[in-house]
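Work through the two exercises below with the structure open. Each task is followed by a solution in steps.

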Amino acid sequence: MTSPAGPDDRLAKAPENSGAFSKLSGLFAWVKTARGRFAFIYLMPALLLYGGFVLLPLAQSFRLSTYRFTGLSDKEEFVGLANFKKLFSDKVFYESLANNVWLLIFSFAVILFFAMLIAHASQDETRFGKFLRAVYLFPHVVSLVVVAMLWKAIYHPKQGMIQPAFENQGWTIPGVDFKLGILGSPDSALMWVGFSFVWYALGFYIMVLAAGIRSIPEEVKEAAALDGASGLFRFGKITWPLLWSVRRIVVIHISIAVMNTFALVRLMTDGGPNRATEVTLSYLYKRGFSPDSFYGEATAIGVVNFLVALAVTGIVILVFRRDPTEARR
Amino acid sequence: MKNFFSWASKYVFLWIFIAVVIFPIGWMTLNSFKTTREIQANPWSLPQELAARKAPLKTASTQLFDGIEALPDTMPQSAAEMREIAALLRSLTLEPVIERHGDQDFTILEAGGAIPTIKLYAPELRDAGTYVGRSDRVALNIENAADTLESGDLQRANSLRGRLDDDIVDLKEDFNELAGLASGKAKQGIFGNYAEAWTTTKIGKAFFNSLFVSALTMIILIPVAAMAAYVLSKYKFRGSNSIFMLFLGGMMFPQFLVIVPLFLQMAKLGLDDNLWGLTIVYIAFSLPFTVFVLTGFFHQLPDELIEASMLDGCSHGRAFWKIMLPLAKPGLVVVTIFDVIGLWNEYNLALVLIRSGEKYTLPKALDSLQMTAQYLGDTGALMAAMVIVILPVLIVYWLLKEKIHEAMLAGAVKG
């Protein structure tokens, strides 16, 4: 018997509703039991690492966003909301935020449409269905750095997949000036970045939606088939409404992913041409990690980016709040 | 007939989709076996030049290198001999190529004929307007020196001559390096781009750095996360739910919110630009997802197992390590796969926390390679480096795709 407490004590559950645990002395008493000590010791490494390297910087970021702090000197100076005020009079920041919103809308529309279509079409358990399932997640395990560089190469004016072929045929792409290159055309560069994002992300959402479709009760589908409902009709009346909760997950995920866009923009265009593809995070990086680092301002951008993501998520939850399949009252 | 039509349209659509997914990756792999010149000539052609390169270098560029090699290391004394060297240099003119990358034009000096392609990035010529090749420039300097000598200013001519010696040596070194590069590539044949990406661009070093960081992270992360997840699922106490929610919250907020303070904190601790520091950060950032999934797995295991093992005299710790942890193995496998893929591809944190070249992880090395490869115009090596980065992941993915689906779904539905 190594522990003086004995087996009975080890099996005893921590007394609940005692109220003692809210006090520090209660914590000590709990830690003194073998059970409490075990829980405490086993939880600590994770909590320390997580607290020290995630939660602490997180708290710091909200603090830092109200300070003037540059890389030039160690001096931190409290400036209140000045960083935010400066940000909201900064035209570039508005442009980058607008680009984020544009990417959001583009991704919502394109991803939801194609993911729904492909998830709906890839339901059969044939070998083809399995192959398709294996293929569509392919891009999602590829590093975003490679995705960005690959698509930059595909859009390349001379060595790319698209422009040389189009030029050979004498065709043009609307919005693209071949003299500037596909990613060099300010009018459409953001869309091409968005397209490479869709290429990367689509498979994930197909997977989620396909799992959602599989979870629709078989009887419902069969009943509809027996009633002679056509494919499109079944899709509109059964699949689409029954997937409302999955769709909510998908939309929330897309919002978070798009607001997190950084690697794609940095490596494909670095915000160019003429800031046409600048997003908030690439702007943050430029402010924070350029030679004259404005750490305070960069953090403020991070905070605003986070709040916008939160707001978008909130709106999504509001829009999808009510279960549309419930009886309408 | 209508049925056939809908069946056909469905499959045509799905095959187009499959093509759009696979083509870019296949195209990249194809081009990684080609020289940049080939890629430029036709991005869809099959690789030929690299395959043909097993033959020794017998091309226009050999002549160029031989010509440079034949130059004397020290400047001759007479102006006439100097002029001869200048003329020789001028005969080795390079053909300029102007390339556009993004918003900027780059003048690139192209050496050689069909095999091998060597390009020199000439940033100093970018704004010059007119093209002057490097050897041309040296030739001009030699002629200047000859003029000075003839004009009788011996002191000035001597100092010019001294500088010219250095110029010639520099020129030779540069070209020797390029020749070595080219013959190195040639010896590798079809895998020349891979050999170059692996050695000269230090992707090989970064590969082992990534391996080191991923492995070390997993070795520490899995026990730490499993211990926490076990306590959170089996040892409920007041506040354990809030701690769980705290971990869950870590999956929601964007990394970039903490990136500046994290960078400053790591710098203060002296752990920035340090692979061990990066590992600690990776462990901390992987904890939320890992704890979340493992808590779910431990939840499924019956409490009676712990109680029974304790009645048999096991301590809490022994019950965890000997009984519960082995039973949670499927969960451990799922999170390990998922975490390793994530770590292998991680870019944002490595970008900010790692600065020196010998500590680059793969994504960061690719990032810096893109900059330099652009200048060198070596698209083939760039493609090869990209294939090196994604190949391990794609192999792992193909072997374990069912498990990865499972892990991704588990991660997705949490929202």
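**Exercise 1. The interface of chain B and chain A**

Describe how chain B and chain A touch, starting from the polar contacts.

Solution. The model is predicted.

Step 1. Between chain B and chain A, 11 residue pairs are in polar contact, with both residues at pLDDT 80 or more.

Step 2. On the side of chain B that touches chain A, helix H1 (residues 2-31) of chain B gives the most, with 15 residues.

Step 3. Sorted by class, that side of chain B holds 74 nonpolar, 15 polar and 11 charged residues.

Step 4. In total, 100 residues of chain B are in contact with 89 residues of chain A. The two chains bury about 8900 Å² between them, and 78% of this lies on carbon and sulfur atoms.

Step 5. The interface has 1 salt bridge by the rule. B:Asp367 pairs with A:Arg266 in a salt bridge, where the closest N and O atoms are 3.2 Å apart. This distance is within the 4 Å cut-off.

**Exercise 2. Two helices of chain B**

How are H8(B) and H18(B) oriented to each other?

Solution.

Step 1. Helix H8 covers residues 192-199 of chain B, and helix H18 covers residues 379-399 of chain B. Their axes come within 8 Å and cross at roughly 75°.

Step 2. Angles of 65 to 115 degrees count as roughly perpendicular. H8(B) and H18(B) are therefore roughly perpendicular to each other.

Step 3. Residues making the contact include B:Tyr194 and B:Trp198 of H8(B), and B:Ala384 and B:Ile388 of H18(B).

Step 4. By class, the contact residues of H8(B) with H18(B) are 8 nonpolar, 2 polar and 1 charged.

Technical notes: Residues numbered from 1 in each chain as written. Chains lettered and ligands numbered in written order. Predicted model: local features only at pLDDT ≥ 70, side-chain atom pairs only at ≥ 80, totals over all residues. Heavy atoms only, no water. Axes fitted to C-alpha atoms, helices over the stretch in contact; angles between N-to-C directions. Helix = DSSP H or I, 4+ residues; strand = E, 2+ residues; numbered from the N terminus. Parallel < 35°, antiparallel > 145°, perpendicular 65-115°, else oblique. Contact = heavy atoms within 4.5 Å. Nonpolar A, V, L, I, M, F, W, Y, C, P; charged D, E, K, R; others polar. Buried area = accessible area lost by both parts, 1.4 Å probe. Salt bridge = Lys/Arg side-chain N within 4 Å of Asp/Glu carboxyl O. Polar contact = N/O pair within 3.5 Å; in protein donor to acceptor, adjacent residues only side chain to side chain.
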